[in-house]
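I opened the model to look up helix packing, surface patches and charge pairs. My notes follow.

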Amino acid sequence: MSGGAEQSGPFNARIIIGVVAAAIVSFVGYLFLSAYAPDMKGAGFGRSHALSNAAIGYSGIVKLRKALGLPVSLSRAQADEMAADILILTPELDTDPKALAALAHARSGGGITLIVLPKRAIRPSFEKPGWVQGRQTAPVAQIKALLAPLGRVALSQHRAAAPEAYGSDWAPTYRFPRGTVIQTMESDALEGYISDNEGRMILGGLLPKEKESSPYLYILSDPDVLNNLGIRIKSNAAAANGILEGLLDTMKDEKNAHVPTLAFDLTLNGYTAGGSLLKLAFEPPFLALSLCLFVASIMALLHGLMRFGPPLREARAIERGKGVLVGNVAALLKLAKREGELGERYAALTRDSAATALGLPLGMSNETVRDRLDRLTQLGAPFSVLEANATQAKNSIDMLAAARALYHWRKDKSA
C-alpha cells in the first residue's frame, strides 16, 4: 500500500489564524480607546460641562455659537486657558474650591474669567445614557463653599410665581419661566451687571482693588442662563448668546483689530490633555515607531507559527553510558586535584588482572605475584619498576606516563 493520508492537526489552521487576528485587533483597539477615552467621552455623562448633552450641560451654547460662526472653543490645557480672552468655568458641586480659585487668580492679569455656579443636585439617568434625573436644588451652603476662597457672596433661591425678567442696558433680557427656581446673589464686593427690577443679581463682577480698573472675574449665579435646560427656549438662547457677546465687546481692541476668543474650561471637570504615553504611541512622530514595532511583532509571530523542521528535544542534563560515567569521575578527580594518588591503585589493578590471566593461585602474596610477573619480562623495565613508578607519581603528568607504561606492559603480555 502507498503512504497513508497526511494526519491533520487537532485545530483548524484558518480558525487559529482568525482567532489570533481578532485578538490582535481587539488589543490594539483597546489601547487606542484607552488613550483617547477622555477625548471621546462627554455626551454620555450627565454632568455640567461643555461636552455634556444633559439638561445641566453646556453643549447647546457651544453648538449655537459654532453654527453662528462665532468664536468658541473647549480648553483642556492650561496654555489654552491663559491665551483665551474670556474663559468660562463650569464647576460642579464636588469641585475643589482651591483649584477653582487658583485658576481664576492665574488669569487675573490676562483676560476675563466667568464662573457659572451650579444649582441642582441631580444624578445621571441609568435608563437614558447622557440624561439626568431629579430636579431638586442643591443646598445654598454647599454652593457658597465653592466661592469661599474668592470672597463672601450671599446666595439665595426663590421660586418664580410668574415669569421673571433679568437684564441690563448692555445685555438682552433673559426671562425665567414661571415655577423656575432662580438663584440670585448679592455682595459688597460685586458690581451688578444683570439683575431684575428688585435688584436681585444673577451676573456680577468682582471689584478689583484698583477701583478704576474693570473686573476680571465675573460670577453667574444661575446656570440656567447658559445651560441646555435654559436655552431650550429660543428667546433665552438668543439672550444667552447676547450676554457672551456683551462680555466679548469689553475685550475688543479697535486699534489692533483683535478678535477676542471665548473658551469653556474642561480641566475642572476632569478633562485634561495630559501627557499620555499611549496617546504618544498613536501620534507622530512616534506613530512610525509604533507601526514598525507592530509589523516586527507580526513577523515574529508568523515565524513562530511556521516552524522549519522537527522540534528539538531538550538535551539530558546527564547523558547515559559508561564513557560518560568515567568522564564524570575523571572530572571530579581533576577538580579535587587527586589524580596523582591513583597510581598505586592502578598498579594493583594491573597486577591482579595479569595474575588472573596467567592462572596464578589465589592465595599467593603480592611479593610472590610481583616476582612471577618480573620473570615474564624479557624486554623493557620489569613490572616491579613500573609499579614503583606509578606508586611514586605525584602529579597528573607522571601518573599518565606510568599508567601508559603499565597498559602497554599488560597489552604485550596478553598478546
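I take helices (H or I, at least four residues) and strands (E, at least two) as DSSP runs, numbered from the N terminus. Val295, for one, lies in helix 8.

This is a predicted model, so I note that local features need pLDDT of at least 70, side-chain atom pairs count only at pLDDT 80 or more, and totals for chains, interfaces and linings use all residues. Residues are numbered from 1 along each chain as its sequence is written, and side-chain values use heavy atoms, with hydrogens and water left out.

**Surface patch.** I looked up the nonpolar patch that includes Val295. Phe27, Val28, Tyr30, Phe294, Val295 and Met299 make up about 620 Å². Patch residues have over 30% relative accessible area (Shrake-Rupley, 1.4 Å probe, only the protein chains shown as cover). They also have no salt bridge; nonpolar side chains (Val, Leu, Ile, Met, Phe, Trp, Tyr) are joined within 5 Å, like charges within 9 Å. Helix 1 (13-40) and helix 8 (286-305) each give the patch at least two residues.

**Salt bridges.** The criterion is a side-chain nitrogen of Lys or Arg within 4 Å of a carboxyl oxygen of Asp or Glu. I find 12 in the whole structure. One of them joins Arg47 and Glu92 at 2.7 Å, N to O. Arg47 sits in the loop between helix 1 and helix 2, and Glu92 in the loop between strand 2 (86-89) and helix 4 (97-106), so the pair ties together parts 45 residues apart in sequence.

**Helix 10 and helix 11.** How do the axes of helix 10 and helix 11 cross? They come within 11 Å and cross at roughly 70°. Axes are lines fitted to C-alpha atoms, for helices over the stretch in contact; angles run from 0 to 180 degrees between N-to-C directions. Helix 10 is therefore roughly perpendicular to helix 11 (65 to 115 degrees). Contact (heavy atoms within 4.5 Å) involves Arg351, Ala354, Ala355 and Leu358 of helix 10 and Asn366, Val369, Arg370, Leu373 and Leu376 of helix 11.

**Helix 2 and helix 6.** The axes of helix 2 (residues 59-67) and helix 6 (residues 234-249) come within 11 Å and cross at roughly 70°.

Notes
Parallel < 35°, antiparallel > 145°, perpendicular 65-115°, else oblique.
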